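Here is a short report on a structure shown by its sequence and coordinates. Look it over, then read on.

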2 protein chains.
Amino acid sequence: MKKYLPSPPGSSNPSIRIELLQPNKTDALAYVDGGGPEPVKYAHVVIDHGASETPTYDDIRVGPLPIKNGTTKWEPLDYVLTRKTCGRVRNLDADSKLRRTFLASVAASVADITMDLWNASYTGAQNDTLTIWGTDPVYQDGDTIKRWDVFMNIPTSIFDVQSLLPMGLYYFSDVTGRDPSKWKVEGWYYNGVFYETTEEFRDAYWGNEVEKLGGNADGPWAQTDRQGDMLPQDDKVAPTAVAPAGGRFSVDLQEKYVEWMGWSFMIGFDFDTGMSLHDIRYKDQRILYELGLQEAMAHYAGSDPTQSHTAYLDTYYGFGPYAFGLLPGYDCPAYATMLNTSFYQTESTHTHVNSICLFEFEGDYPMVRHTAANYASATKNIYFVVRSVSTVGNYDYMFSYTFFLDGSLSVEVRASGYIQAAYYAKNEDYGFKITDTLSGSMHDHVLNFKADFDLFGVNNTVQVQEQVPETRSYPWSKGKVFNTMKLKRSFIENEDEGRFDWSPNSANQIFVVNKDVKNKYGEYRGYRVLPSNTAHLTMKESTVLKNAARWSEHDVAVTVCKDTEPRSSHHYNNQDTSYPPVNFIDFFDSENLDQKDLVLWLNLGMHHIPHTGDLPNTVFTTAHSGLLFMPTNYFDVGVNIQTTQMVKVEYGGGKISNVTTFKQQSETCPLNYKPVEFNLADYKGDVVVRKFPYSPNDPFYETLGVP
Amino acid sequence: MKKYLPSPPGSSNPSIRIELLQPNKTDALAYVDGGGPEPVKYAHVVIDHGASETPTYDDIRVGPLPIKNGTTKWEPLDYVLTRKTCGRVRNLDADSKLRRTFLASVAASVADITMDLWNASYTGAQNDTLTIWGTDPVYQDGDTIKRWDVFMNIPTSIFDVQSLLPMGLYYFSDVTGRDPSKWKVEGWYYNGVFYETTEEFRDAYWGNEVEKLGGNADGPWAQTDRQGDMLPQDDKVAPTAVAPAGGRFSVDLQEKYVEWMGWSFMIGFDFDTGMSLHDIRYKDQRILYELGLQEAMAHYAGSDPTQSHTAYLDTYYGFGPYAFGLLPGYDCPAYATMLNTSFYQTESTHTHVNSICLFEFEGDYPMVRHTAANYASATKNIYFVVRSVSTVGNYDYMFSYTFFLDGSLSVEVRASGYIQAAYYAKNEDYGFKITDTLSGSMHDHVLNFKADFDLFGVNNTVQVQEQVPETRSYPWSKGKVFNTMKLKRSFIENEDEGRFDWSPNSANQIFVVNKDVKNKYGEYRGYRVLPSNTAHLTMKESTVLKNAARWSEHDVAVTVCKDTEPRSSHHYNNQDTSYPPVNFIDFFDSENLDQKDLVLWLNLGMHHIPHTGDLPNTVFTTAHSGLLFMPTNYFDVGVNIQTTQMVKVEYGGGKISNVTTFKQQSETCPLNYKPVEFNLADYKGDVVVRKFPYSPNDPFYETLGVP
């Protein structure tokens with residue numbers, strides 16, 4: 001229920017999105033913890049206010065729900081935005097169809113050239129053999145809106161290879177305002193040379209002053225079907241995971257409430273950010289009020305005008321509608337429990353079947369082990385995963401939330417799918433050449449997550465512990481001086497100190513603690529945040545994104561939790577990058593962070609410099625980033641001691657004296673093993689939702705006749 | 001076959017180690033690749049030269065083998081050492097039994113105090129109720145050798161909890177020379193106060209000037225048997241991995257040669273460093289000549305004299321003899337293939353049964369996936385693992401080498417087992433308090449690995465690629481300046497540039513390339529080295545280790561590969577820390593690194609600041625460090641495209657039109673599933689080999705009557 005929905009018949013300013021508004025935390029906590037009233041429900045409606053001289057998208061709050069005449073209000077929803085313009089942001093998509101017509105006419109004006117270069121053209125006709133891609137965001141200079149577009153080849157197979165097919169010819173247009181007659185071409189770029197006008201480019205081309213380079217075309221190199229010799233023994237069934245006792249967790253399918261081994265949580269889902277987790281508790285004690293994706297950036301750089309101006313903020317497209325059905329046995333074990341997700345489109349609710357999976361898994365290594373003189377002991381590493389995958393255009397983002405027996409939990413992102421490659425010419429400083437005519441366009445993925453910790457109540461503090469070199473003598477060292485190391489501890493006092501990075505050599509550790517709650521040894525009962533291959537944005541003050549993604553500048557940010565700052569980003573931040581609906585930097589106003597309700601805004605991310613190994617698809621194994629939340633002095637001993645998934649083997653004199661398995665079931669059971677095709681014949685092909693070629697007012701390709 | 005072997009009867013300068021000497025790379029390559037003669041075999045013998053005024057350990061080379069009268073030479077083996085003293089290093093262990101007697105007599109001199117404090121004593125008697133631990137290394141100031149020892153409680157259960165039982169009373173001794181009559185006590189330390197003499201300490205104690213603190217004792221808090229309520233549904237069998245078709249790899253058990261899905265390698269094993277891999281090839285092309293552990297440091301810091309002077313270099317103890325039998329179903333999947341390892345002790349060869357495991361595994365997420373308009377595709381993430389675990393005293397180090405279908409391989413270390421804790425008094429700046437009387441003593445684990453890459457021959461170069469912010473205009477930008485980013489590439493030219501760290505925000509990437517071998521697009525066919533949670537030593541110029549572990553100072557080091565520099569460390573580096581047998585820094589002599597046979601010396605590691613969750617045992621899930629070697633522009637496309645472990649589901653109009661499984665076997669097969677106790681009744685209890693309390697001349701506790 002969001003933006004890219006076709007207008008309802010007869011409406012010129014349609015509601016393009018209707019979604020239940022997440023209640024404010026203050027109201028929700030008063031209800032859940034305080035016995036207060038159930039929060040009043042409101043709908044969040046987005047209006048595509050296109051029938052106006054200055055089109056806008058409008059965020060509206062409607063309620064209380066259910067709707068009753070006389071009491072239901074329709075009011076701007078801007079208390080959750082840092083930009084106070086009555087919930088309105090300009091709408092750069094309002095004339096997308098007219099703009100497409102204009103851009104096609106420009107492309108048609110050089111059809112003789114594209115035919116000469118590639119025997120293909122883009123004119124806006126049904127039988128076009130080329131298309132164009134623009135940048136996201138478009139150029140924004142005050143009210144002036146411009147765009148660069150690049151010719152792209154069209155795949156000839158069913159494979160989704162379009163993002164690998166740039167042709168290397170670019171054109172620049174001023175598309176300011178709503179009057180297409182005032183739109184104009186401002187230049188062309190090919191092979192390192194800029195031409196101020198179409199005439200200049202045409203003269204150069206037909207005057208043989210332009211070096212003709214090859215284009216990119218679909219082919220086996222870009223396709224994911226198996227190729228090459230079969231690997232030795234690869235026709236045999238590979239090892240896989242089985243669940244002989246079925247699921248060992250509880251799930252309320254209606255409420256999406258889950259319990260596993262002392263953990264419990266609710267699963268939320270929305271259009272912008274997809275899956276999120278709420279009220280995560282361990283042994284009934286809340287750890288996190290909310291944990292979920294806020295925004296995902298893919299910021300490219302390159303020598304050409306489209307790659308260098310591409311910086312996707314993917315909630316503009318939405319992680320919800322792109323959370324497609326998962327492939328059992330591939331995306332998750334075949335025995336996983338599957339949940340559906342829904343989103344609103346065209347006056348009705350659509351469902352992605354099997355788009356969240358839940359499963360227990362045994363890792364390939366134990367949780368703990370020890371070999372001693374007379375015994376060896378080990379505990380299996382059984383963990384629980386909640387997963388969804390959103391394929392936003394070319395990239396598949398796999399989100400995994402994992403719960404461990406030691407009271408830890410993690411969030412991980414992996415990226416697969418097709419890279420968006422650059423045309424190779426002059427791009428040496430921005431990527432490897434990965435085919436004769438393609439450059440793996442370098443880009444930073446940065447994904448911001450909200451981690452709203454509530455340890456023993458909402459009032460928490462972030463402690464920083466640095467491991468530092470130290471030179472000192474000791475009472476016992478008789479004056480001798482040692483080069484050694486120590487711990488330096490401090491607290492994040494206020495929001496001025498609230499943005500920082502992971503230190504070189506992992507010297508800083510951060511903990512969320514409650515200063516009022518120490519364990520019996522006097523240490524804070526806390527959770528540590530550990531990064532695993534994270535990254536923030538390389539560039540400083542990106543010219544492309546301006547204020548639209550200031551959350552990407554540092555690894556960690558800490559703010560006071562406010563009902564007015566529920567999310568670090570907004571799905572329309574790309575519509576006005578200087579003055580976006582939510583400017584994260586505005587969250588920082590020097591507020592005290594000592595024993596306050598805190599939110600940690602944490603970045604996952606990866607620098608991706610695609611190489612030939614990213615063809616045809618990027619592998620999840622290397623494109624990976626994660627965060628672990630680990631209980632630290634939170635329990636008196638490691639709670640993994642509680643599981644039965646443990647063994648102790650006692651021996652002596654060369655003989656085994658005892659094998660203790662701690663009440664694990666151990667009978668031999670026959671298992672009907674069906675290794676490969678589990679469920680896949682029942683897989684549901686889905687509403688076609690793609691990012692490219694992107695048509696803001698026709699995102700689901702309905703006009704192409706795909707259901 | 002190494003040092004800690006009891007003297008053969010009648011020998012005063014026994015051979016304590018006999019091992020086949022690894023042939024020089026120049027000889028081995030000439031044989032393997034060049035059709036040259038088989039390298040001459042030599043034995044590496046270590047002599048415990050104790051019957052001397054100045055006892056030494058002597059490295060000797062004996063050969064050629066087999067031994068023949070007249071031709072076999074016995075010569076100092078010092079060409080592999082940076083210290084040229086005829087293969088000799090001083091032997092600080094020669095009088096370990098006498099020293100123990102001396103130390104016991106000192107402890108006995110305060111038995112009245114220890115009885116008063118803890119109702120326990122250490123006197124050297126069979127029925128002692130306390131023991132002592134010294135530091136490793138001992139204090140070394142030229143020829144002066146001193147030591148700090150701490151009283152430790154003795155476990156009362158079978159559990160291996162001793163490293164958790166310091167009592168907080170320390171004494172300082174000068175044990176220089178071989179004459180025990182000249183050894184003397186130089187002070188006592190308790191609860192922050194130093195006493196110059198035993199008399200002073202006794203007077204203070206019995207004058208009631210000493211605050212009496214509690215000791216540490218064995219108990220359920222320190223024991224690993226299951227405790228607490230059973231978790232919900234935890235009596236049911238958990239999910240696990242099965243291998244319906246058995247192993248899909250080939251292994252020559254005699255030669256320890258392995259082939260899997262295009263990969264091949266040999267497994268080596270030695271006393272010092274345990275398992276290593278040799279001649280690692282993918283599709284017959286050598287990637288690495290050698291990959292293996294060199295040394296493992298655990299450097300502690302603390303307020304007390306033992307923790308602050310403890311910096312284990314664990315090859316002194318040896319990873320080979322501590323590579324115990326693995327627990328099938330826990331340490332490795334129950335279906336894993338097991339190999340044995342051997343080491344030499346007391347004139348015979350001992351075997352650890354099932355101490356290396358080999359297995360294929362399906363990860364919980366796919367290798368690649370993509371959802372498109374008309375199809376979804378995914379490839380299973382099937383990988384192959386070679387694993388051993390060495391329990392060196394309190395810590396269990398799990399070493400896993402993993403091979404992937406995309407041509408990547410990784411090396412990972414995980415740590416479990418018992419922490420070595422500090423007595424809590426005055427230790428706030430060096431750890432968390434984890435019980436009433438215990439501090440989790442902070443320490444850095446740093447583990448050095450040798451990665452001898454040979455890409456298309458031995459002559460390789462290390463390329464560094466930095467991702468840096470850039471401010472620039474473009475030919476097409478009409479003067480507009482952009483804040484963006486770019487790649488800055490350079491080569492490591494010589495050994496002066498050969499030591500460096502991973503940059504903040506992962507800005508630098510390193511590649512091993514062969515400048516003479518580019519792919520068809522002009523890019524070097526290389527392998528990238530990617531760190532995953534690595535660390536180097538926090539402190540600068542450690543006073544404790546001096547020159548014994550200079551490899552720990554930086555994340556990455558690159559040198560020319562030399563027959564004279566086969567290993568970055570030596571098992572006796574702790575015997576003379578100022579002037580150790582191998583000083584890594586001596587490898588760096590400004591040699592040119594451009595297209596040379598290179599070795600990368602890479603550190604894994606973790607800063608460990610134990611918290612209550614490390615009780616009773618540290619969990620593998622968080623104590624983890626790894627390196628991935630990833631082919632980069634090495635193949636024309638990702639070689640994962642070759643596997644059959646793949647599916648494509650085609651759909652349209654809400655229906656599945658085709659499911660392609662690419663020749664995977666897919667029949668349903670019944671599986672006899674035996675989930676828990678697989679093999680464990682057949683587990684072999686082993687020769688007892690422990691680190692603590694460590695007796696250099698009786699390391700295997702034979703005098704305690706354990707077989």
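## A strand pair across the chains

In S12(B), Val242(B) is the bridge partner of Thr240(A). The pairing joins strand S12 (residues 240-242) of chain A to strand S12 (residues 240-242) of chain B. These strands run in the antiparallel sense, over three bridges. Strands are DSSP runs of E, at least two residues long, numbered from the N terminus. Two strands pair if DSSP finds at least two bridges between them.

This is a predicted model, in which local features need pLDDT of at least 70 and side-chain atom pairs count only at pLDDT 80 or more, while totals for chains, interfaces and linings use all residues. Residues are numbered from 1 along each chain as its sequence is written, chains are lettered from A and ligands numbered from 1 in the order in which they are written, and side-chain values use heavy atoms, leaving out hydrogens and water.

## Two copies, one axis

How does chain A superpose on chain B? A rotation of 180° does it, with 0.0 Å of shift along the axis and an RMSD of 0.0 Å. The two copies are therefore related as by a two-fold rotation axis. In chain A, the C-alpha nearest the axis belongs to Ala241(A), 2.0 Å from it. The superposition is by least squares on the C-alpha atoms of residues with pLDDT of at least 70 in both copies.

## The interface

Contact (heavy atoms within 4.5 Å) links 217 residues of chain A with 217 residues of chain B. The copies meet through the same surface, because 100% of the interface residues of chain A are also interface residues in chain B.

Chain A and chain B bury about 18,200 Å² between them, 58% of it on carbon and sulfur atoms. Tyr330(A), Arg369(A) and Trp476(A) supply 5% of the area that chain A buries against chain B, more than any other three residues. Buried area is the accessible area (1.4 Å probe) that two parts lose on being put together, summed over both.

## Charges across the gap

The rule finds 14 salt bridges across the interface of chain A and chain B. Each has a side-chain nitrogen of Lys or Arg within 4 Å of a carboxyl oxygen of Asp or Glu. One of them joins Lys478(A) to Glu186(B), at 3.8 Å from N to O. Strand S31 (residues 482-491) of chain A gives the most to the side of chain A that touches chain B: seven residues.

Note on methods:
Helix = DSSP H or I, 4+ residues; strand = E, 2+ residues; numbered from the N terminus.
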